[in-house]
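Keep the viewer open as you read.

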Amino acid sequence: MTSLEDKILGEKSQNYCSSDEEEEANPIQVVRDEEGSGKDFCPPSGTGNTGPKGVITDWREYRKMLAEARTAEEQERVKQLTQASKVGKTKAEDEKARADAELEAELAELMNDESILEFQRQRILEITAKVGTRNVFGHVIELKSGDDFLEAVENEQYSTVIVHIFENTVPACRRLNECLEELAKEMPTIKFCRILSSDAKVSLKFRSTALPTILAYKKNQIIGNFVQLGNELGDDFCSSDIENFLIEQGVIVEKEIQYNSLSVK
C-alpha cells in the first residue's frame, strides 16, 4: 500500500500536477485528500511551491487548515448540543414541577375533605373493634353528678379522660363546649366529658373565679389541671387552639400519632 509521502514524492502523475523548468504552462499543483474528503486541494496561484518540498509545505498547510476547520465545526456542534440539552432539561424540569404542584394541590384538597376525616373515624372504629384495647367515643359525654364524674375517670383503663367543668352563663364555657364537640369527633379514642359546676358540687368561689376548667386524667391519675382558661385562650378561640394547647401541655398527642398507636396499651 502506497504511503502518503510516496504519493506526494514519487507518484506525480497520479496525485498532483506541477510545472518544472521545461513545462511552465500550468503552475498549479493538485493533491488529493487521502482520507476521502472527495475534494482536490489546489494551492492559490502565485505561491511558488512548485517542487516536492513546496508540495509538502502546501499539503501540510492544507491539513492544518482542514484540522482547524474540523475543530471549529466540532466546537459549534458541541455548543448546539449543549444548548439543546439545556432546553430539553429545563422543559422536563418545568413539566415535573408542574406535575408535582398539581399533586400537592390535590393532596391538600383531599386532606381537607370531610370524607377523609369520616374515613379515618370509621377506620379507627374498625381497628379498635379488632384490637379491643380502647373504647371509641366520638362525642362529649354529659356527666350528671359527682358519682358520674368518678366513674368516668376510674373505669377508663386506656383512654385519656378530659373533663370540662362549666356553666352556661359563662361565654368562654359555651365556646369551649363547642370546641370540645369538634375535637371529640376528630379524636374518638379520647374520652371528652363535661359537667355543670353545680352538679359537680364545687364551691361558689370556684364557680365564680375558676371557670372554664379542664381536668385531664390517665389511668385514674390526674395529668392536667387548667383553670380560668378564658384568661389563657382569650375571647375568640377555636378547636385547633384547644387542641394545640392540650398538645403543648402534654395531655394529648397529635391525631396522626393517635391513629398509629391504637393497639398500644
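Before we look at what covers what, one term: two residues are in contact when they have heavy atoms within 4.5 Å of each other. Bear in mind too that this is a predicted model.

Start with helix H5, which spans residues 146-154. Which of its residues are buried? They are Phe149, Ala152 and Val153. These three span an arc of only 95° around the axis, so they sit on the same side of H5. And what lies over them? The cover includes strands S3, S4, S5 and S6.

The largest nonpolar core has 21 residues, and the ones that touch the most other members are Ile162, Phe192 and Ile242. Elements giving two or more residues to this core are H6, S6, H8 and H9, with H6 supplying the largest share, 5 residues. Click on Phe192 to see how it is surrounded: leaving out neighbours within four places in sequence, Phe192 is in contact with His139, Val140, Ile141, Ile162, Leu180, Leu183, Ala184 and Met187. Apart from this core lies another one, of 16 residues, including Ala152, Ile195, Leu215 and Tyr217.

Strands S6 and S7 run antiparallel and are joined by 5 bridges, and Tyr217 stands opposite Ile222 in S7. There are 2 residues between the strands of this hairpin, and Lys219 has a positive phi near 50°.

On to the charges. How many salt bridges does a search of the whole structure find? There are 3. In one of them, the side chains of Glu142 and Arg194 meet at 2.7 Å, N to O. Glu142 belongs to strand S3 and Arg194 to strand S5, so this pair ties together parts that are 52 residues apart in sequence. Glu142 is partly exposed, at 35% relative accessibility.

Another salt bridge brings Glu156 together with Lys191, at 3.9 Å from N to O. This pair also links distant parts of the chain: Glu156 is in the loop between H5 and S4, while Lys191 is in S5, 35 residues apart. Are these two buried or exposed? Glu156 is buried, with a relative accessibility of 5%, and Lys191 is buried as well, at 11%.

The remaining pair is Arg175 and Glu178, whose closest N and O atoms are 2.8 Å apart. Both residues lie in helix H6, 3 residues apart, which is about one turn of the helix. An α-helix has 3.6 residues a turn, so residues three or four places apart point the same way. Arg175 is partly exposed at 27% relative accessibility, and Glu178 is partly exposed too, at 44%.

Finally, have a look at Glu167, in the loop between S4 and H6. Glu167 is buried yet has no salt bridge. Why does Arg207 not count as a partner? A salt bridge needs the nitrogen and oxygen within 4 Å, and Arg207, the nearest side chain of opposite charge, is 5.1 Å away. What Glu167 does touch, not counting residues up to four places away in sequence, is Cys173, Leu196, Ser197, Ser198 and Leu211.

How values were computed
Residues are numbered from 1 along each chain as its sequence is written. This is a predicted model: local features need pLDDT of at least 70, side-chain atom pairs count only at pLDDT 80 or more; totals for chains, interfaces and linings use all residues. Side-chain values use heavy atoms; hydrogens and water are left out. Helices (H or I, at least four residues) and strands (E, at least two) are DSSP runs, numbered from the N terminus. Buried means under 20% relative accessible area, exposed over 50%, partly exposed in between (1.4 Å probe, protein chains only). A nonpolar core is a set of buried Ala, Val, Leu, Ile, Met, Phe, Trp, Tyr and Cys residues joined through side-chain atoms within 4.5 Å. The arc is that of the directions from the helix axis to the C-beta atoms. Two strands pair if DSSP finds at least two bridges between them. Lys and Arg count as positive and Asp and Glu as negative; His and the chain ends are not counted.
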